[in-house]
Amino acid sequence: MEKNSNYNFHRRQLTMVLLNSAIVPWKEMGGINLYSHISEFYSTIIKLTDTDVLFGKTLVRYEIKDEVYLWFNLFNGKLFKITALKNYTGKLFNEIQIGMSMEEVLKIEPSFEYDEFEEVYGSPKGIYIETEPIDNTVLWISIYIKEIDNEDFEKGNW
């Protein structure tokens, strides 16, 4: 590898997820920024067991157990979605958190609509919420990049 290479493993490495950090749509969760390059997570990914999941041929998901899922596009190496899991205590809009009823969520943020095909609540503000089917409480909260619906998203042209 060249000394002046643009591919630099010495960039900031993720050491831990800030579990009480605010969830900021289009931007960040747990101290992790959307659009971050996968190389920034090398020290974390290398320690994971076989929890990565390939989605199609171009997308991969890594799980930091019970904290977050990190979703990357393999063509450009960029983080396109972050999902808060059960141990994440940070809040969306300073109020919405894992474990709340969707009834409460909809009172706080009425832009969520249920997508029967995807089986999630989606908001045009850059958020997906998956619910527990039995009691309709928030199971996971995901934020994603604006380009996720672009025709060439999977090709990494963003």
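Residues are numbered from 1 along each chain as its sequence is written. Because the model is predicted, local features need pLDDT of at least 70 and side-chain atom pairs count only at pLDDT 80 or more, while totals for chains, interfaces and linings use all residues, and side-chain values use heavy atoms, leaving out hydrogens and water.

**The sheet**

Let's start with the strands (DSSP runs of E, at least two residues, numbered from the N terminus). Eight of them make an open, antiparallel sheet, ordered β3-β4-β5-β6-β10-β9-β8-β7. The edges belong to β3 and β7, each with a single partner strand, so one side of each has no neighbour in the sheet. Two strands count as paired if DSSP finds at least two bridges between them; β3 and β4 are joined by 3 bridges. In that pair, L54 sits opposite V60 in β4.

| β3 | 53-55 |
| β4 | 59-64 |
| β7 | 113-115 |

E95 is partly exposed at 45% relative accessible area (buried is under 20%, exposed over 50%, partly exposed in between, with a 1.4 Å probe and protein chains only). The C-alpha atoms of E95 and V105 are 8.5 Å apart, though 10 residues separate them along the chain.

Definitions and conventions. Helix = DSSP H or I, 4+ residues; strand = E, 2+ residues; numbered from the N terminus.
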